[in-house]
Amino acid sequence: MFEISLVQLSAIFLIILLIIKRPRVAENEPPLVPYTIPIIGHTFSYFFNAKKFIKECREEYGDAFSIYVFGNIMTVLSNEAVSEMFRNHDDFDFIKAIHEDIPLHKFLIYNGGMTEEGNIFNAKTAREQFSGKLDINMPVVQKYLEIGMNKMLGDCSVPKTIYNAWFTINEIIALPVTNILVGEEAAAHDDIVKSFGILAFDMGHLLVIPPIFCFIHQKLHDFVATLPIRFGYNPVRYHRRIAMKRLRPVVEKRLRERKKLGDNYKSYNDLLDFYMDQPNFDYSKPYNFHYHVDNLFIMVFASIHTTSRTAAVALYDMAARPELVEELYEEAVKVDKERNGQLTVADVKKMIKLDSFVKETLRHNDNITALPHYVKPESFTFSSGLTIPKGRKIITYIEDVLMSKENYGEDAEEFKPFRFVDQDSPATKVERSYIIFGGGRHACPGRFFAINETKLFLHKFILRYKVTTQSGKVEDKFRIGPFALPSRKALVFENRV
Ligand SMILES: *[C@@H]1O[C@H](CO)[C@@H](O)[C@H](O)[C@H]1NC(C)=O
Ligand SMILES: *[C@@H]1O[C@H](CO)[C@@H](O)[C@H](O)[C@H]1NC(C)=O
């Protein structure tokens, strides 16, 4: 009772404050799109009608304009302004924007969540240990993809209908990824695989609290959104307990091996061994292992559900296009025959039709806006002369960039799965018009792993199954305001032979 009246009181107080203090932008800033209702501003248009609303703003105001949503001014960037942001990425802070959506710094209490310093280490880990070791890990990845598929889809001689296929695919992908994260011994336990699989979903639950309180004030929203944490709720605690239980025996065993064998110790190709190699790894120190497990959680967070989301969206895209599937099947059979079912990284690269299809799927991810950042230095000035002040939130109009006619031609908005075949334009290639993985020097270093993994999953899948949408038509994605997630509609799976 008391909590609620306190919230109400602060609400009234803040409303009064805000009425007095209407948002203003300086003269040399991108224009603030006019609005009629105070406080609410563009919130409804942005949340319920983003596609049309942002498009109209863009037509009227160009590459950079500001809107007033959830009680804050947010600057929306497109085309040239986006490229300029990525070229000057050090002037922008994306960690703050991530923490605002998912307070990793409150969940990962031993490594502080994402930090600038930690991020350099995590990027290096993704580049060298994930993408870099894929060659040696290929047999493990393929073995567990097949085991996962057997377990989750199995025999579909009688067609199987699955709603919300993302979760099923996520459980399949979690198996190979957990194996290369912590090694086969620990990953043999179902509980850790399940836990890694749902970690990102569990942390994301808070996201679902729509930022209604932001109407009033960002601070009030933060207060409400973090109430569960204040009362001691931390979704990571449960996952940490499982990870500790399964990883400690393996680490202790490896420490004994290291001691006994010395230089003859044969490294394991997993992330766990990599963390044990770090100069700051000291198992005997209290909470030292907790710190490394938090780092591991960031990799789990960044790798599993993003990959499974891409794979899921690709399945929904395939499901209503049988001609496409037959062409992909032809390519898959050819590569599979040459290798007797054991593909190398080079073979994955060779599947150019599949690559083009995955890229087109990513291009059609249907997010209207994405990649929020905050302006770091005193202010940032674009070459056009427009300035945005320190602390301003920016977001890219990603749909406009990915559907640009200038870069993709007149048919840019069409779904053409083989548009990138023979274009020397692999799904991992970061370009000004392809910002799925961000841009510039800081583009997502895990993208090589993610694309390889997605392609391998689809490859094994196509060889074994056929998939259709239950409705027979292309399903729309599941929308939350300007963002899109895989459809939750039914897919029907059937054995190919
Ligand atoms: C797969 O990963 C390797 C190694 O990181 C990379 O060189 C290659 O481009 C990736 N292949 C694809 C199709 O992304
Ligand atoms: C779409 O937006 C969601 C929500 O911000 C984000 O998690 C996701 O990464 C975006 N998808 C792509 C493909 O950029």
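Predicted model: local features only at pLDDT ≥ 70, side-chain atom pairs only at ≥ 80, totals over all residues.
Residues are numbered from 1 along each chain as its sequence is written, chains are lettered from A and ligands numbered from 1 in the order in which they are written, and side-chain values use heavy atoms, with hydrogens and water left out.

Q: Why is Gln 278 called buried?
A: A residue counts as buried under 20% relative accessible area, as exposed over 50%, and as partly exposed in between (1.4 Å probe, protein chains only). Gln 278 has a relative accessible area of 16%, and therefore it is called buried. Its place is in the loop between helix H15 (271–277) and helix H16 (288–319), where helices are DSSP runs of H or I with at least four residues, strands are runs of E with at least two, and both are numbered from the N terminus.

Q: Why is Thr 344 called partly exposed?
A: Its relative accessible area is 33%, so Thr 344 is partly exposed. Thr 344 sits in the loop between H17 and H18.

Q: What makes the pair formed by Gln 278 and Phe 274 a polar contact?
A: A polar contact is a pair of N or O atoms within 3.5 Å; within protein, one must be able to donate a hydrogen and the other to accept it, and residues adjacent in sequence count only if both atoms are side-chain atoms. Here a polar atom of the Gln 278 side chain lies 3.0 Å from the backbone oxygen of Phe 274.

Q: How do you know that the buried residues of H17 line one face of the helix?
A: The buried residues of H17 are Leu 324, Val 325, Leu 328, Glu 331, Ala 332 and Val 335. Seen down the axis of H17, they fall within an arc of 130 degrees (the arc of the directions from the helix axis to the C-beta atoms), so they line one face. The face turned away from that buried side carries the exposed residues Pro 322, Glu 323, Glu 330, Lys 334 and Lys 337.

Q: What makes H22 largely enclosed by the rest of the structure?
A: Of the 18 residues of H22, 15 are buried, so the helix is largely enclosed. H22 also supplies the largest share of the shell around ligand 1, namely four residues.

Q: How do you know which atoms of the protein make polar contacts with ligand 1?
A: Oxygen atoms of ligand 1 are 3.1 Å from a polar backbone atom of Ser 131, 3.4 Å from an N or O atom in the side chain of Lys 349, and 2.2 Å from an N or O atom in the side chain of Asn 452. Taken alone, ligand 1 exposes 360 Å², and the protein buries 81% of that (Shrake-Rupley method with a 1.4 Å probe; for residues, only the protein chains shown count as cover).

Q: What makes Arg 309 and Asn 367 polar contacts of ligand 2?
A: An N or O atom in the side chain of Arg 309 is 2.9 Å from an oxygen atom of ligand 2, and a polar side-chain atom of Asn 367 lies 2.4 Å from an oxygen atom of ligand 2. Taken alone, ligand 2 exposes 360 Å², of which the protein buries 65%.
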